[in-house]
Amino acid sequence: MNAPGKLTVTLPSDREVLITRWFAAPRDLVFDCWTKPELIRRWLLGPEGWTMTVCTVDLRVGGRYRYEWRSTEGSVMGMGGEYREIVRPERLGSVELFDEDWTGGEATSTIVLTEEGGGTLLRQTSRYASKEARDGALRTGMTEGMEYGFGRLDALLAERAAAR
Amino acid sequence: MASAETLDATFAALADPTRRAILARLALGEASVNELAAPFAMSQPAISKHIKVLERAGLVSRGRDAQRRPVRIEGAPLASASAWLERYRAIWEVNFGRLDALLGELQAIKPPEKRT
């Protein structure tokens, strides 16, 4: 039912985004990959060409985390938050905010890991202050996608300039 | 159609975070200049300038409603809400692909008896 690699993104309510994904690994490892900076840095990077420049985690209730990314074109993105619930290896709750979230909505993010099919099923629910804030956050993904396209456009322009 | 000049104009228009944020907002539907200016610490004339740059690049157009002159995004791929949802999904897909590889690597080095 949950084939490895099958990712779903749904909008269960006006204020929520739910991501589900199955991983062929035990829960504790998946949990570590979400909470240990040296592991987070290895995968939470967004599109090709982005690197994580800041990744700090203070993994305790009330502790803060901070992520920043930079693209090869020099664009910078950042987000931060505070942990609200830590139940290793099954739940991780936090309040988070993207630097460029101009809708001004802090979101609660809850990650629930369940053992399923010999692996781990991840359910990540992000709950925003309003529908507008949620849509703003989804557009952050779009903006990032645009940055990605931007890099390709850059290459195309350089190619054309060289051919002149 | 996509001459070097057109591409230059598009590139220049997109090379600004405020203009990209305006486009991202317009992907949800048309908005007035006032509505677009609201989230930014910027004057309405400054936002109008950004909109003119986007308009010249053919990325947005202005409606005919004399009072509001709503701004709307041009270009089907940017306009569709399913497109931004798809892009959001695509980014997580890339992230999770890397996470799969990392989890594989961690399990290869981790003694099986320590797994829970």
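**Close-up views of chain B**

**View 1. Chain B as a whole.** In chain B, residues 24 or more positions apart account for 51% of the contacts with a separation of 6 or more, two residues being in contact if their C-beta atoms, placed from the backbone, lie within 7 Å. This is a predicted model, in which local features need pLDDT of at least 70 and side-chain atom pairs count only at pLDDT 80 or more, while totals for chains, interfaces and linings use all residues. Residues are numbered from 1 along each chain as its sequence is written, and chains are lettered from A and ligands numbered from 1 in the order in which they are written. From the N terminus on, the elements of chain B run α-α-α-α-β-β-α-α, with helices (H or I, at least four residues) and strands (E, at least two) taken as DSSP runs and numbered from the N terminus.

**View 2. Helix 4 of chain B and its buried residues.** I47(B), H50(B), I51(B) and L54(B) are buried in this helix, that is, 20 or more other C-beta atoms lie within 10 Å of their own. These residues cover an arc of only 100° around the axis, which puts them on the same side of helix 4 of chain B; the arc is that of the directions from the helix axis to the C-beta atoms. Just after helix 4 of chain B, G58(B) takes a positive phi of about 75°.

**View 3. Helix 2 against helix 4 in chain B.** Helix 2 (residues 17-26) of chain B packs with helix 4 of chain B at an angle of about 75°, their axes lying 10 Å apart. The contact is made by T18(B), R19(B), I22(B) and L23(B) of helix 2 and by H50(B), I51(B), V53(B) and L54(B) of helix 4.

Note on methods
Buried ≥ 20, exposed ≤ 12 C-beta atoms within 10 Å, placed from the backbone. Axes fitted to C-alpha atoms, helices over the stretch in contact; angles between N-to-C directions.
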